[in-house]
Amino acid sequence: MSLVFTANTTPATGAVAIFSLKALLKSVGWTVPRSSDGLTYNSSGDQITSSGSGAGGMNNASAWFVIVPPGGTAQYCFQLGATTSWRIFTTRFSTLTAGTPSATQTPAPVSVTDRIYLAGGGTDASPTFAGSTFAADGTYRFHAAADNASPYGFYSVAYAIGGGLPSHALFVDPLTDTDAGDTDPFVFYSSNGPPGSSLLGDLDGNPSGSFFNMIGAGAQALMNNPFGILGPAYVSPIAIHGIPGGTQTTLHGQLGPNPVNGKDDLLPCYYATDPTDSRPGIKGRSTLIRFPMSGRTTGDTQSVSGAGAKDWIVLGGSVFPWNGSVPLV
Amino acid sequence: MAKQFSINQIPATGSEAIFLWKQFMKSIGWTVTRSGDTFSFSGSGDVITHGGIGAGGMNNTFAWFVLQAPTGTKQLQLQRNVTSLEWNVSYSFSAGFTGGAAAARASATDQKTINNGGGVGTPTLFTTDGTYRLHMMADDASPYGFYSVGIPCGGGLPTHIWMMDPMLESVSGDADPLVFYGDGGTSATNILGAYNAVAYGPLGNNTLSSVPPQAWRNKGGGSETFGPITGAFPFAYPFGTRTSLAGAYAHGNHLSGKRMTFPLFWCVPTSFGTYPGFKGTSSLLRVLLNPLATGSTLDFSSSKDRIVVGACTLPWNGTDPRV
């Protein structure tokens, strides 16, 4: 497993950002089996060859592509509504080969119930788009990373030029420490709201209303039990609290670098459903996300493997793997 | 590495419980380096041969012994106070205990007190004699983690815990990735907590006992400190409302039906003053997420391989514990 990065970019539009994400995923082995530039439907490959407008462009209304990781059974589809507004969905066990795909219409999954919307919704014939997949064009820095080996996790994230909490986050997070009965150990997330702490949290010491409050708002996973009851459930990262001195407090961002080695400590991120959900349970442990125990700001780095490694980047109340460079802010 | 168990015993006294624990630890390779039974002293071996009173007895006032791990330098010393419920428990990282007499425990230049039985706060290690079942586990390979836990006969929250907890995922550079915890008595929720989503006992709230879990911080570094440490517990914020996940799931995991636990992380919060930071992940304790009574078992990696103790679970040997 090795992450490949497209980091420190400043895309002019959301179409440029998603086009670069597509290129990154293809560079680590993903394929585009069908697509459309909004003008021409290609049933056997990638019709989108540029991030701009016109023929072959990503930045045309209703342009879409299906993208598939090597092996496995999941497929993903991205469709542009406007450069800031997207429709994104995944299938977990079905191919996106049904329906009546066209220049402006996405295909449907072979199994009609096997579709999870990460952004937008509607129908293939009458799609709706998420309002704020990206902030206003040209206002943000953009980073993406993708694993070049199974299980092919990836993320993309953006924050305002000059700094601030994330304005975009999209990830497919493979899990470890999962339940023995879990046949789809992944969590999917696409931020579809305005920039701020609701995307990836912050380190204000009070995670309510932030990344930890995703129930009904973002991260999803299948809680499909062995009896075949399918359907996505909302999952939340689990916050970690202590009660030192009798006062309950979150430990996120509250401890500082470790005194033993001077490094930044990171807590693992586990996902769980709401205890009152009809599909209760712990989903598993994230392989992408950890929680910082030192207070840092978005775009800062943390060095865990060694001094100066810069191997994690702070994004709101979370950290993601990083490539060792100084992030552009 | 294999976990060894000695379970379902009802010791007549706290002294017998400690004697049973000593014998159990010796059976997997620990050695007694010095001891005193109040009447005689050995600077090289074990003079305590039974759990009662009189010559060779553990139940004599101020009887004591030093136990050394099979490899390495770590030593633990336990001394009976004026009752069999009160014990002075101390730890030497590397210097080793020296000296001592028939009724006077040894000392070490680096000794740290884990439970000052009968001392400040008059903490005890056990509740009323003969009222609890004793269960013990010890790893027969390095890093030699162990626990001893007492559960009331007939059921109820634990009344005794004595453990050395090696860290999983410890911080690199930590010279002593262990947490020690020795506590007991009748205030049951203040020992290992309860699953009622609030009371985690001294695992999470160091104010609930004069003997919270303790560990070395910055061992080997400048101004190293041995002091209290707190266990961190999982919370969720569904719809913005803070909800503890300890005991919160009425049912097993939807995916498999299994009852659920969560890793317990040891941390030193900034409010503890000196050397805050992350210590590591417990290799013994996992937080209980389902409302189960102490003495229940869970299937984690195999059948009945965890036992419920208060708000947490500990490794178990696959059998049904006597309650």
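Author: H1(B) is mostly covered, since ten of its 14 residues are buried. A residue is called buried if 20 or more other C-beta atoms lie within 10 Å of its own, exposed if 12 or fewer, and partly exposed in between, with C-beta atoms placed from the backbone. Helices (H or I, at least four residues) and strands (E, at least two) are DSSP runs, numbered from the N terminus. The model is predicted: local features need pLDDT of at least 70, side-chain atom pairs count only at pLDDT 80 or more, and totals for chains, interfaces and linings use all residues. Residues are numbered from 1 along each chain as its sequence is written, while chains are lettered from A and ligands numbered from 1 in the order in which they are written.

Reader: Which residues of H1(B) are buried, and what covers them?

Author: An α-helix has 3.6 residues a turn, so residues three or four places apart point the same way. The buried residues of H1(B) include B:Ala17, B:Ile18, B:Trp21 and B:Met25. Among the elements covering the buried residues are E1, strand E4 (64-68) and strand E5 (75-80) of chain B.

Reader: How many Å does helix H1 of chain B reach from its first C-alpha to its last?

Author: The expected span of a helix is 1.5 Å times one less than its number of residues. Helix H1 (residues 14-27) of chain B reaches 20 Å, close to the 20 Å expected. Just after H1(B), B:Gly29 takes a positive phi of about 120°.

Reader: Where in chain B is B:Asn8 found, and is B:Asn8 buried or partly exposed?

Author: B:Asn8 is found in strand E1 (residues 3-9) of chain B, and its phi is positive, near 65°. With 14 C-beta neighbours inside 10 Å, B:Asn8 counts as partly exposed. Chain B also has a cis peptide bond, from B:Ser142 to B:Pro143, with omega near 10°.

Reader: How is the pairing of strands read?

Author: Two strands pair if DSSP finds at least two bridges between them. Strand E21 (residues 312-315) and strand E22 (residues 318-321) of chain A pair in the antiparallel sense over four bridges. These strands, E21(A) and E22(A), form a hairpin with two residues between them, and A:Gly316 in the turn has a positive phi of about 65°.

Reader: How many residues does each chain give to the contact between chain A and chain B?

Author: Two residues are in contact if their C-beta atoms, placed from the backbone, lie within 7 Å. The contact takes 44 residues from chain A and 45 residues from chain B. On the side of chain A that touches chain B, the largest share, four residues, comes from E16(A). Three bridges join E16(A) to strand E14 (residues 230-236) of chain B, and these strands run antiparallel. There, A:His241 stands opposite B:Phe233 in E14(B).
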